[in-house]
Structures are given as C-alpha cells and as structure tokens.
Amino acid sequence: MLQAYLTADSLGQAILYVKDSSPFYVALYSGEIQDAVREFGFTETDTKVAVEMSHKEMDDRDDIKSSISTVLPDLPESILNIVEETLQSLGVGTIDDFQFVQEADLLCVLRPIQARKLVASWKQTSQGPGTQSQPDVNSSTSSSLLTSSTSSRSSLSPCPSPRNLLNADWVDHFEIPTERFPEALMQCLERGKRPVPSLRREMIRIVAAEMMKACPSPTKHASTEIAKKLVGKYPQSLKDVIEGDVVGTGYHSLVKQLQARIDNKKRHATPRIHKRKSLSNSDTDEVPAVMKASVQDTYGCVKWDMKFMPVTETLESQNEKKGKMRFLWEQATFNPDEVKELMESTYYSQRKAINNGTALQTLRKEWPFLFHEIGISAHYQELTGLPLTQTFLKSVGKKGKQLLNFMATVCANKTRRVFETLTKLRFQRGQLEGCSDDVKDMLLLLLSYFNEDEATLFHYTEETNQAADVQVDCLPVTPCIIVCGASCYSANRFMLSIDGKIVNDNIAQFIAAINVMFGSYYCLNIHYPVQLRSTLEFLQRYVCVGGYIVQM
C-alpha cells in the first residue's frame with residue numbers, strides 16, 4: 001500500500017516522502033528476503049532502502065506554518081517549529097504581517113538563501129494575486145521503498161553550505177581500498193573465512209587512512225556507512241556472528257574499530273591546546289592567563305591552530321576588518337551576512353588571540369561579535385567544520401522525542417528525583433508546545449538524571465532586570481545562561497555570562513542561548529565544570545556534534 005502511495009506522485013497530495021535512505025546490501029538480510037529480491041538484481045550501487053519516512057501535515061487553520069512549508073517544503077519539522085516561534089516572538093499574528101518581516105529576522109534559524117526565499121515569496125504575495133509567484137512545492141517521491149541511487153539524499157534535507165558539500169557526498173563515492181589489503185587478508189575475504197585479529201586490525205588501519213584522505217575528520221555516520229559496505233561485500237568474513245546468529249546490525253564492531261582508529265589518528269595530528277580552568281572565588285577582575293590554562297588534547301576541531309594566515313590576507317587587512325567589526329558593533333545595526341563574512345575572514349587572528357590566552361575582557365573589546373550568536377556560530381563552524389545551530393536542531397528533531405520518552409517512561413519510574421523533576425516541569429510548562437520547550441525539558445531532566453547543579457547552568461533573575469541589575473557575585477566562572485524570568489518556560493529574554501561577567505545581555509530565543517553557551521566552551525577553550533560535566537558531555541556527544549569528542 002505504501003509503495004502504491006509513493007508511486008502515485010502528483011496524483012495525490014504529497015504528505016509522505018522518503019526522508020533518509022541507505023545503500024541496500026542484500027547480504028545483511030535473511031535468506032527469504034534474498035530469495036525474494038534475487039530476480040530484480042538489486043545491488044548497493046543502484047538501490048537504496050528507505051530508513052525514515054516523513055509526514056507533512058497540512059493544516060489549513062495554521063496559516064503561518066503552512067505558509068513557511070509551502071515555500072520551503074523540505075524544511076525539517078524541528079526547524080519549522082523554531083521559525084514559527086521566531087515569527088510569533090516578532091509579533092507576526094497573521095499572514096498579512098509577513099510583509100514586515102526582514103531577512104535579518106530569520107537568519108538566526110535559517111540559511112541566508114532560505115530566508116531570502118521566504119521574504120521574497122511573502123513580498124510577492126503582499127503585492128496581490130496578480131503578481132503572486134511561489135516556488136514549486138511539488139517534490140517527486142521515490143517510486144519504491146528500494147529507491148534508485150539517482151535520487152539524491154540531499155534533496156530530502158536542507159541544502160548544505162558549499163563548505164560542507166564535499167563532506168556530505170564523499171561517503172557515497174567512497175571505494176574500499178582492497179588493492180592495498182595484504183594478500184593473506186584478501187585470501188580470507190575471498191574464501192569467506194574469518195581473518196585473524198592482526199589482519200583485521202591491518203584492514204581497519206588501511207580503511208581508516210583512506211577515509212581520512214577523503215575527509216580529515218570522518219563522523220560516526222560515515223564510519224557506519226563504510227562498515228555497511230565492508231560487511232555487505234564480505235559478509236561471511238566480517239559480519240558480527242555468534243554461534244551462527246547475527247549480533248545486532250552485524251557491523252557494530254567494525255564501526256567501533258573504525259572510530260577508535262580515526263580518533264587515535266586525530267590525537268596525534270591535533271595540536272596541544274590551552275584550556276581555561278574552573279577558577280576558585282577571586283576578588284580580582286582579571287585573572288592571569290597562565291592561571292587559566294592547562295595543556296590538553298582535543299578531538300573534533302579541524303582548524304584549532306592555524307599556522308599560516310590565508311594567502312589573501314595580511315596583518316593590515318586583518319586589523320582593518322577587526323576595526324570594521326568594532327565599528328558595526330558600536331552602531332548596533334549591521335548586516336548579518338557582512339558580519340559572518342568578516343568573522344570567517346578574520347578567523348586566523350581570532351584563534352591566535354584565544355590560543356595565546358588573551359584575557360576575556362580584552363577579547364570582548366577587540367572581538368565583540370565573538371560573544372554574539374552570529375559571530376560565535378561562524379567561529380564554531382570554522383573550528384569544527386559543523387554549523388552549530390543547524391546541527392543542534394537536526395539532532396534534537398531526530399533524537400529529542402526519543403530521549404524525552406525514555407526519561408518519562410523509564411527513568412521516572414526508577415529514580416524518584418527524575419519523577420519529581422518531571423512533575424514540576426509539566427506544571428511549569430502547562431500547555432506550551434514547540435521544539436524550544438522540548439529542549440528545556442531535555443536539559444532540565446538531564447540535570448536531574450545526572451544529579452548535577454542547575455545553578456551552574458542557569459541563573460534566574462527578575463524579568464525586568466538589565467545586565468547591571470544582575471548579581472554577578474553569584475555567577476559561576478564557566479558559561480552560564482541568565483534566565484530573565486521565574487522559569488525557562490516563562491522567560492522571553494536570556495543573557496550569557498562567562499568568568500562571572502555578562503558578555504551578552506540580549507538573547508531572544510532559548511535555543512540561541514544554548515548554542516551560544518555551548519559554542520563558547522569550544523571556541524574559548526573552556527573546561528566543562530565538574531558540576532555539569534556529565535550533562536554537557538552527553539549534550540556534546542548525543543546532540544551538538546554528533547559523536548565528536550572534545551576532551552575536557
């Protein structure tokens with residue numbers, strides 16, 4: 001029935017589509033399935049399996065959400081909810097208000113091209129039916145659960161930036177370097193025998209080295225896809241089997257070995273870094289940089305220490321751009337695209353200043369946008385190769401509900417502390433719905449689950465308080481979100497403090513505050529505090545960076 005629906009294409013309303021797919025490896029399936037599909041000649045190179053379907057619910061009463069999804073039909077549900085909440089926070093109540101929305105209002109949650117599409121479409125709509133022109137929203141769906149490889153996976157998700165386009169495609173075109181395998185290993189693989197541990201480790205080293213040639217910092221997802229290819233090609237030799245039974249997915253051990261090898265290789269290639277330590281109470285405003293630093297290793301950063309300035313830049317051009325950003329900051333009105341471009345082009349100077357242990361107050365004076373969402377997102381992407389906000393929202397949309405359900409059904413029944421927190425949060429949240437409220441639930445429940453100090457992450461103050469009214473003596477030295485309200489659910493404004501000083505006094509969205517807080521740990525080389533180490537590391541591994549580990 002589902003295949004018939006998908007093949008209907010434009011004959012019916014397109015509310016289902018294949019959101020994610022993976023290569024079809026027939027060897028991973030049971031004998032019955034292999035017999036059933038043998039006559040079709042399916043292979044991993046020309047056939048894919050739908051692993052995730054998505055449902056687009058079109059509600060005529062929800063004009064704002066439907067207007068967004070009409071222009072951007074492939075926008076994930078989590079980001080769609082955030083866009084809707086952002087528009088409502090700006091005062092948009094009806095579709096007639098769209099004509100007053102500007103591109104800069106949407107750049108905190110959308111890519112520039114996506115924001116321009118929305119604004120352009122809404123402006124055309126406001127000019128009247130005669131000039132209305134909207135992008136084509138009919139997207140062709142796959143004709144089968146086993147879809148052709150010519151259907152690009154990228155067409156079912158937001159388009160990556162040019163910087164990440166290569167990294168997004170290299171896995172699909174990766175070839176197993178069998179020509180480099182030892183002869184003894186190839187004999188085992190071709191004859192369907194299990195290789196001895198030493199040969200298996202040699203295979204892992206060769207494959208991991210080839211992966212890192214294509215991408216300097218492969219993700220766990222990449223290791224999983226390549227492990228599937230290996231097991232699909234040599235199932236008898238590499239599939240996880242115990243007494244004839246396939247264990248789990250059949251390739252989990254290969255994934256673990258590949259990731260371990262990649263992490264070890266990155267350990268030696270990554271420079272030694274200086275990270276700010278948690279400080280004891282001090283009555284001085286400035287703490288010497290030498291007291292804030294300790295030598296650590298780091299994972300996940302692809303451009304932590306730039307040895308050379310970009311060839312298109314000079315010290316004079318770097319200082320000129322730095323001065324321009326300070327001028328834009330003082331003017332209080334700026335073009336986000338211009339600021340992002342300036343932050344990216346001066347990344348070399350920013351990293352040198354941070355890695356040399358420059359005092360926080362000096363950084364704030366010289367690089368004010370480094371503590372603003374636009375600036376820290378640009379720096380974070382240069383540092384890790386990942387877009388901060390988009391990665392966070394994508395992970396929350398994919399994993400957030402699962403985590404909340406686990407907390408509510410399993411942890412709450414086992415731990416009284418989690419049950420009491422869950423009951424309290426349900427009362428505070430009330431009837432509120434949305435992705436940002438789910439994130440609030442997730443963080444507060446994680447703090448309760450790990451029995452960690454909420455006051456180290458959130459500091460609550462009066463709703464009307466300004467930065468000067470906050471009692472900074474009570475603030476921790478590590479990044480802390482100041483909530484202007486009685487709870488995270490009722491607050492409409494947030495601030496960020498670092499080293500006991502407020503560095504950003506006007507953050508409108510809770511998710512933006514989380515991203516700025518988390519990004520500051522990475523970008524400013526700050527240790528996770530002992531009081532939050534489990535919560536923040538879980539957030540790092542499970543949500544923010546998709547498996548990358550930064551040793552704190």
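Is Lys303 buried, partly exposed or exposed, and what is its relative accessible area? Lys303 is partly exposed, because its relative accessible area is 29%, and in these notes buried means under 20% relative accessible area, exposed means over 50%, and partly exposed lies in between, with a 1.4 Å probe and protein chains only.

1. On the model itself. This is a predicted model, in which local features need pLDDT of at least 70 and side-chain atom pairs count only at pLDDT 80 or more, while totals for chains, interfaces and linings use all residues. Residues are numbered from 1 along each chain as its sequence is written, and side-chain values use heavy atoms, with hydrogens and water left out.

2. On the salt bridge of Lys303. A salt bridge here is a side-chain nitrogen of Lys or Arg within 4 Å of a carboxyl oxygen of Asp or Glu, and the structure holds 14 of them. In one of these, the side chains of Lys303 and Glu382 meet at 2.7 Å, N to O. The pair links distant parts of the chain, 79 residues apart, with Glu382 in helix H17 (residues 373–384) and Lys303 in the loop between strand S7 (293–296) and helix H13 (315–331). Helices (H or I, at least four residues) and strands (E, at least two) are DSSP runs, numbered from the N terminus. Glu382 counts as buried, because its relative accessible area is 6%.

3. Lys324 forms a salt bridge with Glu338, and their closest N and O atoms are 3.0 Å apart. Because Lys324 lies in helix H13 and Glu338 in helix H14 (residues 336–345), this pair ties together parts that are 14 residues apart in sequence. Lys324 is partly exposed at 40% relative accessibility, and Glu338 is also partly exposed, with a relative accessible area of 26%. Elsewhere, Glu103, Arg116 and Asp337 are linked in a network of salt bridges.

4. On helix H20. Asp438 and Lys401 form a salt bridge in which the closest N and O atoms are 3.0 Å apart; Asp438 lies in helix H20 and Lys401 in helix H18 (residues 388–414), so the pair ties together parts that are 37 residues apart in sequence. Asp438 is buried, with a relative accessible area of 13%, whereas Lys401 is exposed, with 56%. Helix H20 (residues 435–449) is mostly covered, since 14 of its 15 residues are buried. The expected span of a helix is 1.5 Å times one less than its number of residues, so the 15 residues of H20 should span 21 Å, and the end C-alpha atoms are 21 Å apart, which agrees. After H20 comes Asn451, whose phi is positive, near 55°.

5. On the nonpolar cores. A nonpolar core is a set of buried Ala, Val, Leu, Ile, Met, Phe, Trp, Tyr and Cys residues joined through side-chain atoms within 4.5 Å. The largest such core has 93 residues, and those touching the most other members are Ile68, Leu87, Leu106, Leu110, Val439, Phe458 and Leu524. Helix H22 (residues 510–523) gives the most to this core, with eleven residues. Apart from it lies another core, of 30 residues, including Leu185, Met186, Ile204 and Ala208. If contact means heavy atoms within 4.5 Å, and residues up to four places away in sequence are not counted, then Leu106 touches Leu87, Val101, Ala115, Leu118, Val119 and Trp122.

6. On the aromatic rings. Rings of Phe, Tyr and Trp (its six-membered ring) pair if their centres lie within 6.5 Å, and planes under 30 degrees apart count as stacked, over 60 as edge-to-face and the rest as tilted; by this rule the count comes to twelve aromatic pairs. The rings of Phe98 and Trp122 are stacked, because their centres are 4.1 Å apart and their planes stand at 15°. This pair links distant parts of the chain, 24 residues apart, with Phe98 in the loop between helix H4 (77–90) and helix H5 (112–126) and Trp122 in helix H5. Phe98 is buried at 4% relative accessibility, and Trp122 is buried with a relative accessible area of 4%. By contrast, the rings of Tyr449 and Phe450 are edge-to-face, because their centres are 5.1 Å apart and their planes stand at 80°. Ring pairs also link Phe458, Tyr460, Phe494 and Phe510 into a cluster.
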